[in-house]
Amino acid sequence: MKLSDDIHVLVPGSLNEHALQRIGDTFTLQAIPTGDAKLVTPEMANVRGIASMVPVGAALIDALPRLEIIANFGVGYDGVDTARAAAKGIMVTNTPDVLTEEVADTALGLLINAVRELPQAEKWLRAGRWLKEGAYPLTGATLRGRRAGIFGLGRIGKAIAQRLEALGMTVAYYNRNPVEGSPYAYYPSLVELAMAVDTLICVAPGGKGTEKAVNAEVLKALGPAGVFVNVGRGSSVDEDALAAALESGTIRAAGLDVFADEPNVPQRLLDAPNTCLLPHVGSASVYTRDAMADLQVDNLVSWFAEGKALTPVSETRHVRPRS
Ligand code: NAP
Ligand code: 8YV
């Protein structure tokens with residue numbers, strides 16, 4: 001349904017096809033190849049909304065004088081300068097809940113792959129080694145008796161915890177604040193959590209508050225049986241320290257879906273034999289990405305038709321439409 005040709009929505013960089021289709025059907029879509037503010041032309045002075053999957057920085061926000069709303073494709077919005085948006089009375093929305101189960105499934109897959117070496121075993125079969133050399137070596141690690149610690153027991157963290165319980169693992173967690181009514185043990189710091197468990201799963205948001213939080217001290221505390229899984233953000237990990245911990249046996253294995261400088265993956269992590277590495281596919285099914293696209297566009301529709309955002313981020317929850 002066309003809401004209005006007069007409402008211009010800018011899409012910087014690439015975006016999900018379903019989202020693009022709906023934005024084009026509903027608004028006047030303008031596009032630029034990246035989020036670089038220098039690409040904004042005078043014809044874009046009318047832009048009232050951004051729909052983005054790429055970072056939206058202060059310069060892009062400042063380049064659009066009529067901007068009212070930034071609809072982020074993804075629940076994590078560490079790429080959006082929310083402080084600048086909030087200061088200018090611009091709404092920011094994200095896509096919570098609709099991806100929770102998919103990302104939790106991915107975390108579980110990474111954990112099983114890292115512990116039971118399934119990708120390496122498949123490689124062994126495909127290389128003809130089963131025929132020539134016999135069975136793949138027994139894995140030194142097992143899920144039996146593992147104790148999991150979740151860094152970021154929010155929506156996705158809780159969905160991961162349910163899956164871990166079903167596997168018979170114990171669950172503990174670290175957040176800035178204990179979760180009321182949670183059945184899981186709370187630790188007031190990441191190091192204390194890492195000392196208490198042998199399996200650390202990061203699903204915390206990126207940004208300044210979590211920058212390189214998983215560092216050499218945390219990895220040492222996790223110990224030689226330790227397995228680290230990351231489906232949160234790569235920025236939350238000191239990747240040099242992680243590579244060193246894997247190389248030296250300070251921890252046993254890692255399963256990573258996210259990296260600090262995507263799509264660049266540090267060579268040392270690529271070279272480590274005890275890692276399962278995925279190209280940020282946590283939410284990447286057609287089913288879930290379509291649901292994310294719908295929520296992103298529904299936020300724009302609701303904002304322009306009814307003056308309210310469906311899923312505002314906490315930093316801009318107070319923002320009201322301009323009259
Ligand atoms: P959420 O419900 O907001 O949960 C985030 C949790 O992290 C909360 O429990 C929060 O508790 C904790 N947290 C936030 N800042 C923290 C800090 N500085 N130190 C310690 N704990 C902190 O978010 P969600 O929906 O579960 O999503 C979590 C993150 O997963 C996203 O932000 C995104 O980065 C990532 N993600 C990745 C993929 C992927 O494809 N790999 C897909 C979706 C999401 P407190 O506020 O009490 O600290
Ligand atoms: C997406 C994500 O892959 O929601 C998030 O925070 O990291 C993923 O679901 C990403 O947002 C799309 O770039």
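Helices H1 (17–26) and H12 (residues 286–306) pack at an angle of about 25°, with their axes 8 Å apart. Helices (H or I, at least four residues) and strands (E, at least two) are DSSP runs, numbered from the N terminus. Axes are lines fitted to C-alpha atoms, for helices over the stretch in contact, and angles run from 0 to 180 degrees between N-to-C directions. H1 and H12 are therefore roughly parallel to each other; the classes are roughly parallel under 35 degrees, roughly antiparallel over 145, roughly perpendicular from 65 to 115, and oblique for the rest. The model is predicted: local features need pLDDT of at least 70, side-chain atom pairs count only at pLDDT 80 or more, and totals for chains, interfaces and linings use all residues. Residues are numbered from 1 along each chain as its sequence is written, chains are lettered from A and ligands numbered from 1 in the order in which they are written, and side-chain values use heavy atoms, with hydrogens and water left out.

The crossing of H1 and H12 is right-handed. A crossing is left-handed if the near helix is turned anticlockwise from the far one by less than a right angle, and right-handed if clockwise. H1 contributes His18, Ala19, Arg22, Ile23 and Thr26 to the contact. H12 contributes Asp290, Ala293, Asp294, Gln296, Val297, Asp298 and Val301. Contact means heavy atoms within 4.5 Å. The residues of this contact divide into five nonpolar, three polar and four charged. Here Ala, Val, Leu, Ile, Met, Phe, Trp, Tyr, Cys and Pro count as nonpolar, Asp, Glu, Lys and Arg as charged, and the others, Gly among them, as polar.

H12 has 21 residues, which should span 30 Å at 1.5 Å a residue. The expected span is 1.5 Å times one less than the number of residues. The end C-alpha atoms of H12 are 29 Å apart, in agreement. Buried residues of H12 are Thr288, Met292, Ala293, Leu295, Gln296, Val297, Asn299, Leu300, Val301, Ser302, Trp303 and Phe304. Buried means under 20% relative accessible area, exposed over 50%, and partly exposed in between (1.4 Å probe, protein chains only). These residues pack against H1, H4 and strands E1 (8–12), E3 (47–52), E4 (69–72) and E5 (91–93). Glycine 307 follows H12 and has a positive phi, near 75°.

Strand E5 holds threonine 93. At 0% relative accessibility, threonine 93 counts as buried. Residues up to four places away in sequence aside, threonine 93 touches Ile69, Ile70, Ala71, Asn72, Asn299, Ala309, Thr311, Pro312 and Val313.

The crossing of H4 and H7 is right-handed. On H4, the contact is made by Thr100, Glu101, Val103, Ala104, Asp105, Ala107, Leu108 and Leu111. On H7, Arg155, Ile156, Ala159, Ile160, Arg163 and Leu164 take part. Nine residues of this contact are nonpolar, one is polar and four are charged.

The 17 residues of H4 should span 24 Å at 1.5 Å a residue, and its end C-alpha atoms are 24 Å apart, which agrees. Thr100, Val103, Ala104, Thr106, Ala107, Leu108, Leu110, Leu111, Ala114 and Val115 of H4 are buried. Their cover includes H7 and strands E9 (199–202), E10 (227–230), E11 (253–256) and E12 (275–277).

Glutamate 117 lies in the loop between H4 and helix H5 (118–126). Its phi is positive, about 55°, although glutamate 117 is not a glycine. At 18% relative accessibility, glutamate 117 counts as buried. Lysine 212 also has a positive phi, near 50°, in a residue other than glycine. Lysine 212 is placed in the loop between E9 and helix H9 (216–222). At 45% relative accessibility, lysine 212 counts as partly exposed.

Glycine 152 sits in the loop between strand E6 (147–151) and H7. Its relative accessibility is 12%, so glycine 152 counts as buried. Beyond its neighbours within four places in sequence, glycine 152 is in contact with Gly157, Tyr174, Asn175, Val203 and Ala204. The C-alpha atoms of glycine 152 and proline 205 are separated by 7.7 Å, with the two residues 53 apart along the chain.

A cis peptide bond joins glutamate 262 and proline 263, with omega about 5°. Proline 263 lies in the loop between E11 and helix H11 (267–271).
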